[in-house]
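Thanks for coming. I will go through one model, starting with its charges and then moving to the fold, the rings and a few backbone details.

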Amino acid sequence: MKCQRYITTTLPYVNADPHLGFALEIVQADALARFWRILGHEVFFNTGTDEYGQKIEGRSREEGRDIQEYVEAHARAFKALKEKLNLSYDNFLRTTLPEHAKAAQEMWRRCNEKGDIYKKKYKGKYCVGDEMFVRESDLIEGKCPNHPNMELQEIEEENYFFKFSNYREALLEYLTRDGVIIPEWRRKEAVAFVEDGLENFSISRERERMSWGISVPDDETQVMYVWFDALTNYISTLGWPDDKNGNFKKFWEEGYIVQTAGKDQVRFQSLMWQAMLFSAGVKNTDMVFYHGFITSKGQKMSKSLGNVISPDELVARYGTDATRYLLLRHVHPFEDTDITHERLDEWYTANLVNGLGNVVARIMKMSQEHLNQYSGVNSREEIHMLDEFNFQKAMDSLWSRIQALDEKITATEPFKLIKDEPEKAKELIRELGTELLFIGRALEPFMPETAKKIHDAVVANKKPENLFPRLN
């Protein structure tokens with residue numbers, strides 16, 4: 001059944017250039033958005049940049065740059081991914097926009113009116129990497145599990161807090177809903193976190209200590225905690241709370257909501273954000289899809305280790321569609337994946353140059369030489385490859401069909417049969433072309449430009465230029 005679908009990435013923090021993990025996330029979201037559009041759904045695809053917070057304020061000072069100039073430069077770098085990765089998003093939301101600040105302050109007011117916000121003095125261990133206080137029970141050898149290389153700060157100040165503990169039962173009920181988290185083991189992780197006990201969390205910072213943030217309503221001495229502010233982007237991008245264009249009603253209230261995020265985001269996206277929505281009286285997210293991390297030689301990518309691979313680097317070497325292919329097929333959709341330059345080169349050469357590219361060239365060369373025009377039919381085979389959110393499985397299935405085409409050419413040899421049995425050979429070539437047309441259509445969510453080139457080549461009955469050049 002056709003419906004309205006809303007999909008959003010997390011908003012990357014602009015304290016560094018785009019990294020491969022976010023490229024994975026946004027290409028996954030783009031593939032889903034394209035897939036749903038093919039099926040006839042009306043889709044709103046959101047992304048953007050998270051531009052407030054202590055890390056950003058600190059990094060701009062370290063570099064001796066004006067903070068507004070700093071966030072503008074990094075926002076441009078993330079916006080540039082649209083062309084580099086051929087993304088089809090509908091809105092790019094920056095948290096420094098006035099309309100977002102208005103929405104974040106309205107979220108605050110609603111939670112406050114519900115009685116879920118209070119002020120108190122607090123002392124605790126603070127992780128600058130996560131921009132949050134860390135519970136003693138969550139520490140591993142005295143370190144934040146997400147940022148073990150960072151020293152925790154002992155901080156004492158007066159902040160506003162959100163009554164997270166009020167939503168234990170509501171969150172446990174929410175987490176029993178079908179498909180609320182993919183993969184299933186992340187849902188169990190979320191349930192375990194709730195059952196372990198919810199501690200109320202700080203949602204503001206003293207302006208004297210951190211000035212770069214959205215003002216707390218009716219208290220100019222405090223700015224909003226970056227997570228409270230940033231999470232609201234998922235609805236501010238739709239025009240909430242005013243909803244003058246009707247997008248919030250259409251895509252959030254009446255649509256099916258999917259968020260994508262990294263595996264370290266479970267607490268923020270499926271618990272804290274959902275509790276805020278409960279408090280504000282706004283519909284909860286229908287599903288959050290969590291992907292794993294990309295590692296290199298068994299280690300998390302970091303500049304200090306010299307193992308970082310950037311999306312710009314991949315696009316420059318392999319091209320846009322090939323980069324999308326590498327991320328969607330060779331990075332596991334749910335688990336961590338180890339990649340190296342050597343593996344990337346091997347996958348590109350074996351599966352694109354010698355695989356898909358070679359098959360297209362062989363079929364279209366025979367078709368151009370032996371058929372006056374393409375006379376096949378559009379395949380009516382339905383495409384439901386991403387119903388399980390498993391990009392790798394869907395693409396493996398397509399590459400099995402590509403391999404089968406190659407094997408059929410080798411087994412039937414229509415290029416030889418054309419001399420003795422021309423009509424039989426031509427029928428074989430038409431069959432190959434019809435299957436190739438389906439493969440091109442099925443590739444559209446994953447490799448849209450390649451899909452178009454295959455479609456245009458088959459319909460025009462002309463061998464295209466080499467789809468995937470060999471590496472130097």
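Charges first. In the protein chain, the mean positions of the 63 positive and 76 negative charges lie 3 Å apart. For that count, Lys and Arg are positive and Asp and Glu negative, while His and the chain ends are not counted. Each charge is placed at NZ of Lys, CZ of Arg, CG of Asp or CD of Glu.

Before going further, the ground rules. This is a predicted model, where local features need pLDDT of at least 70 and side-chain atom pairs count only at pLDDT 80 or more, while totals for chains, interfaces and linings use all residues. Residues are numbered from 1 along each chain as its sequence is written, and side-chain values use heavy atoms, with hydrogens and water left out.

Now the fold. The protein chain has 18 helices and 16 strands; these are DSSP runs numbered from the N terminus, with helices being H or I of at least four residues and strands E of at least two. Its radius of gyration is 25 Å, close to the 23 Å that the globule rule gives for 472 residues, so the chain is as compact as a globular protein of that length. That radius is taken over C-alpha atoms, and the rule is 2.2 Å times the number of residues to the power 0.38. Along the principal axes, the C-alpha atoms fill a box of roughly 90 × 45 × 40 Å.

Of the 472 residues, 56% are buried. Buried means under 20% relative accessible area, exposed means over 50%, and partly exposed is in between, with a 1.4 Å probe and protein chains only. The chain exposes about 21,000 Å², and carbon and sulfur atoms supply 46% of that area; the method is Shrake-Rupley with a 1.4 Å probe. Among contacts between residues at least 6 apart in sequence, 78% join residues at least 24 apart, a contact being heavy atoms within 4.5 Å.

On to the rings. How many aromatic pairs does the structure hold? There are 26. Rings of Phe, Tyr and Trp (its six-membered ring) pair if their centres lie within 6.5 Å; planes under 30 degrees apart are stacked, over 60 edge-to-face, and the rest tilted.

One of the pairs is Y174 with F278, edge-to-face at 6.4 Å centre to centre and 90° between the planes. Y174 sits in helix α6 (residues 168–174) and F278 in helix α11 (residues 266–280), so the pair ties together parts 104 residues apart in sequence. Y174 is buried, at 0% relative accessibility.

W185 and F334 have ring centres 6.2 Å apart and planes at 90°, so this pair is also edge-to-face. W185 is in helix α7 (residues 184–195) and F334 in the loop between α13 (320–330) and β16 (337–338), 149 residues apart. W185 is partly exposed at 38%, whereas F334 is buried at 11%. Separately, ring pairs link F162, F164, Y167, Y174, F201 and F278 into a cluster.

Last, the backbone. The peptide bond joining I182 and P183 is cis, with omega about 5°, and P183 is in the loop between β7 (181–182) and α7. The bond from W240 to P241 is cis too, with omega near 10°. P241 lies in the loop between α9 (233–236) and α10 (247–253).

D243 is in the loop between α9 and α10. Its phi is near 55°, positive in a residue other than glycine, and D243 counts as buried at 18% relative accessibility. N86 likewise has phi near 55°, in the loop between α4 (81–84) and β3 (91–94).
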